[in-house]
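Please look over the sequence and the structure before reading on.

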Amino acid sequence: CGMLRGGRFCALDQGLAALTGYTTSELLELPWRALWADVESAPAEPDPESLPCEAVAARLRRKDGLVVEIVFSAVSLVGDGAQAAEVALTVFDAAVLNRMERQRTGLAAELDRTRQQLIRAARLSAIGSLVAAVAHQLNNPLCGVLGLIERLARKPDLPTAESGLLALAVEQC
């Protein structure tokens, strides 16, 4: 972040100094225009009266000569008439923004996969609960039937054929 007054930096943070490769004191002596990679097309200073509302892509030349793609936005801080208007800048390294966007996209995809897994797990859990309830409802009357069959099977005067059928019914229950 930085502040401009009259086309020159009047305040800035360490992040802007690190991005440009200049020290804070060096940047305070530089005009805004000196940081642009293409000095001829660089504005002298963002005009406080006609600042764009959205972020703007640009190319910044670092102190070591390396050109860095940046995205910046500027907001006008209007003075009280006695003071010149100031412009507050927020500057981001475009490569870092792109990397963060890829990470965000990857995290969003991972979140979607996890959400789908949770939905599948909830469905399987619901099916398991339903199966357990059905098994319980079938088991209750079946236990009653089993008790009656076992009682009948204990009768001493049963014919062999009926005794075999009752033993099979007990086994199946």
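How many aromatic pairs does a search of the whole structure find? The search finds four, where rings of Phe, Tyr and Trp (its six-membered ring) pair if their centres lie within 6.5 Å, and planes under 30 degrees apart count as stacked, over 60 as edge-to-face and the rest as tilted. This is a predicted model, in which local features need pLDDT of at least 70 and side-chain atom pairs count only at pLDDT 80 or more, while totals for chains, interfaces and linings use all residues. Residues are numbered from 1 along each chain as its sequence is written, and side-chain values use heavy atoms, with hydrogens and water left out.

**Aromatic residues**

- F9 and W32 form an edge-to-face pair, with 6.2 Å from centre to centre and 65° between the planes.
- F9 lies in strand 2 (residues 8-12) and W32 in the loop between helix 2 (24-29) and strand 3 (56-61), so the pair ties together parts that are 23 residues apart in sequence.
- W32 also forms an edge-to-face aromatic pair with W36, at 5.5 Å centre to centre and 80° between the planes.
- F9 is buried, with a relative accessible area of 4%; buried means under 20% relative accessible area, exposed over 50%, and partly exposed in between (1.4 Å probe, protein chains only).
- W32 counts as buried at 3% relative accessibility, and W36 is buried as well.
- One aromatic cluster is formed by F9, W32, W36 and F72.

**Overall build**

- The protein chain has four helices and five strands; helices (H or I, at least four residues) and strands (E, at least two) are DSSP runs, numbered from the N terminus.
- Along the sequence, their pattern is β-β-α-α-β-β-β-α-α.
- The protein chain has 173 residues, of which 21% count as buried.
- Among contacts (heavy atoms within 4.5 Å) with a separation of 6 or more in the protein chain, 41% come from residues 24 or more positions apart.

**Surface**

- The protein chain has an accessible surface of about 11800 Å², and 60% of that belongs to carbon and sulfur atoms; accessible areas come from the Shrake-Rupley method with a 1.4 Å probe, and for residues only the protein chains shown count as cover.
- L124, I127 and V131 form a nonpolar surface patch, with about 320 Å² of accessible area together.
- Patches are made of residues with over 30% relative accessible area and no salt bridge, with like charges joined within 9 Å and nonpolar side chains (Val, Leu, Ile, Met, Phe, Trp, Tyr) within 5 Å; a salt bridge is a side-chain nitrogen of Lys or Arg within 4 Å of a carboxyl oxygen of Asp or Glu.
- V131 lies in helix 3 (residues 94-153) and is exposed, with a relative accessible area of 52%.
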